[in-house]
Amino acid sequence: MDELSVIIPRLTASSIVVEVGANNGGHTSLFASVVKRVIAFEAHPSLTGHHVTAFHPNVKWIQKAVSNCVGISRFNISTSDDGSMMNSSSLRDITPHLFPEIKFYPIEVETTTLDNEIVDECIDLIWMDVQGAELEVLQGAAESLKRTKMVSIEFHESQYCGASSAKDVRDLLLPYGFTEIVIAGDRSVFIHD
């Protein structure tokens, strides 16, 4: 079972999806073809989402990192030895010995919270892939989570310094009434009962 087989049947033409860590827009385009609106967040300055929004007018692309505060934060851009962009950029530092072939260089990016960006809207899905900053995203969504039906998270607890633990994320979500469906060792979908 993968997360999309759990998520897609629960989305409708009137659904709103919030995607945190949209990367190159692959999931964004998929969600946009199914739902009413996608609000996609991506901090990497080279990943602007223009190619997605050109084909999907129901996508709002926000060029910010999502965290637990509004401001400016260091964001670590990742590249491989050949200079190509990698999918490991993060507000966190990578655990040094795990991926010696990945190089990081820091930049400053604007940060926001989901509660700051999404006010009074019911959210059918928060889909996130934020490379170790999962807990911070959820901490900045205390009000939004009350209006959210599903949360899909890819965990990176051993790959990044100070990364959110799966236990801490579960402890934050369960009091909101979410039930966890474990998809694989690194991804879970939380469904609000």
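The legends below describe close-up views of a predicted model.

**View 1. The open seven-stranded sheet**. The strands follow the order S3-S2-S1-S7-S8-S10-S9, and their pairing is mixed. Strand S3 (59-62) and strand S9 (178-184) each have a single partner strand, so they form the edges and one side of each has no neighbour in the sheet. On average, neighbouring strands of this sheet are turned by 15° against each other, direction ignored.

**View 2. Pairing of strands S1 and S2**. Strand S1 covers residues 16-20 and strand S2 covers residues 37-41. The two pair in the parallel sense, over five bridges. Val 18 has Ile 39 in S2 as its bridge partner.

**View 3. The largest nonpolar core**. This core has 28 residues, and those with the most contacts inside it are Val 20, Leu 114, Val 151 and Leu 173. At least two residues each are supplied by S1, S2, strand S7 (125-128), helix H5 (134-139), strand S8 (150-154) and helix H6 (166-173). H6 gives the largest share of this core, four residues.

**View 4. Surroundings of Leu 173**. Leaving aside residues up to four places away in sequence, Leu 173 touches Leu 138, Leu 145, Val 151, Ile 153, Phe 178 and Phe 190. Leu 173 and Val 151 are both listed with the most contacts inside the largest nonpolar core.

**View 5. Another core, apart from the largest one**.

How values were computed
Residues are numbered from 1 along each chain as its sequence is written. This is a predicted model: local features need pLDDT of at least 70, side-chain atom pairs count only at pLDDT 80 or more; totals for chains, interfaces and linings use all residues. Side-chain values use heavy atoms; hydrogens and water are left out. Two strands pair if DSSP finds at least two bridges between them. Axes are lines fitted to C-alpha atoms, for helices over the stretch in contact, and angles run from 0 to 180 degrees between N-to-C directions. A nonpolar core is a set of buried Ala, Val, Leu, Ile, Met, Phe, Trp, Tyr and Cys residues joined through side-chain atoms within 4.5 Å. Buried means under 20% relative accessible area, exposed over 50%, partly exposed in between (1.4 Å probe, protein chains only). Contact means heavy atoms within 4.5 Å.
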